[in-house]
Amino acid sequence: MDLIEYEKLIQSEEAARSYLLGFCWKEGRRFCPRCGQHPVYVLSDRRLRCGGCRYTFHDFTARWLNLGGLSCRDWLRLVKLFELELTALKMCGQLRLAYNTIYKAVTAVRFALLAQAIDAPQLLSGPYGERLGFAKGRLRMERASGEQEVIPVFGLMDKGGWIFADFLPHIEAADVIHFHRNFQLPLERMGQLVYTDRYQRYDALIFCGDAHLPYGLIQKSSRKPYVDSLKGGFWNFARPRLKRFNGVTSRRFPLYLKELEFRYNHKSEDIFPILVRHLCSLVPKSE
Ligand SMILES: [Zn+2]
């Protein structure tokens, strides 16, 4: 999307809204987000009602962008700044919105990206979803008390210029440290982030732990992890960005990793419309 096209979109709330609606309804065909049926009737105030189950909703109901509470223009501005990799704090200078509002909206964009991944159903449900702050189709920005300490471990695989950051539900962070201690798997630390040498079919295992992990057990290996020996590739792309994200928490790490997977795999594309498409997609229903 060039700048002139983008400026046209944000010229008015109506133009921004109609751009977003184009991603919500294929050929303008509305359906009920609850039962999937149509016809859908238009009520006053742009509300809609399902002819099947009588559910009353609006165009953005049950979509990721509905979790943010921004105007349509502000959504597009925010997506543009996200495309340019501005942090939420830097966005504050350009969008006249409170930091918390921006941070929540950016988090919704990240969730929308994660939700497109093949392993999303596992990451968004059960204890992993709860720890990430996603339950019953809603985002929870604060940590809940009594949250389980399940630290997801990912396997990185670079295949012909594509990166796969696979969630590995059968491996726990403590297992990775065990592999290191007992089977000499080289580990490297970057704050609370830990990555390994090659493991089975993966170029590296990676996770971001918290204070509960016995980091003291990690010893300097004489061998560098495989990904550090590569020139170019995903890790060279991701490493400085993870540093720049500055204070990636263990809790939110899967969102950042999936964002980087998305950016890397679309690095030669115009990601603005792709980001908007994901943002306008339906939030998966979980238990
Ligand atoms: Zn319905």
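Here are some friendly notes on the predicted model above, point by point.

1. **Ground rules.** This is a predicted model, in which local features need pLDDT of at least 70 and side-chain atom pairs count only at pLDDT 80 or more, while totals for chains, interfaces and linings use all residues. Residues are numbered from 1 along each chain as its sequence is written, and side-chain values use heavy atoms, with hydrogens and water left out.

2. Cys-50 is buried at 0% relative accessibility, whereas Cys-53 is partly exposed at 33%. For these words, buried means under 20% relative accessible area, exposed over 50%, and partly exposed in between, with a 1.4 Å probe and protein chains only.

3. **A three-stranded sheet.** Strands E1, E2 and E3 form an open sheet in the order E1-E2-E3, with antiparallel pairing. Strand E1 (40-42) and strand E3 (56-57) stand at the edges with a single partner strand each, so one side of each has no neighbour in the sheet. E1 pairs with strand E2 (residues 48-50) over three bridges, and Tyr-41 has Arg-49 in E2 as its bridge partner. Two strands pair if DSSP finds at least two bridges between them. Strands (E, at least two residues) and helices (H or I, at least four) are DSSP runs, numbered from the N terminus.

4. **Aromatic pairs.** The structure holds 17 aromatic pairs. Tyr-19 and Phe-23 form one of them, edge-to-face, at 5.0 Å centre to centre and 75° between the planes. The cut-offs: rings of Phe, Tyr and Trp (its six-membered ring) pair if their centres lie within 6.5 Å, with planes under 30 degrees apart counted as stacked, over 60 as edge-to-face and the rest as tilted. Both residues lie in helix H2 (residues 13-24), four residues apart, about one turn of the helix. Tyr-19 is buried at 17% relative accessible area, while Phe-23 is partly exposed at 26%.

5. **A pair across the sequence.** Phe-154 and Phe-253 also pair edge-to-face, at 6.3 Å centre to centre and 70° between the planes. Phe-154 belongs to strand E6 (residues 154-159) and Phe-253 to helix H10 (residues 253-265), so the pair ties together parts 99 residues apart in sequence. Both Phe-154 and Phe-253 are buried.

6. **Charges over rings.** The charged end of Arg-63 sits over the ring of Trp-25, 4.4 Å from its centre. Arg-241 lies over the face of Phe-237, 3.8 Å from the ring centre. The criterion is NZ of Lys or CZ of Arg within 6 Å of the ring centre and within 35 degrees of the ring normal.

7. **Two backbone spots to look at.** Gln-184 has a phi near 55°, a positive value in a residue other than glycine. Gln-184 lies in the loop between helix H8 (173-183) and strand E8 (187-190), and is exposed at 57% relative accessibility. Gln-200, also not a glycine, has a positive phi of about 50°. Gln-200 lies in the loop between strand E9 (193-196) and strand E10 (204-208), and is exposed at 68%.
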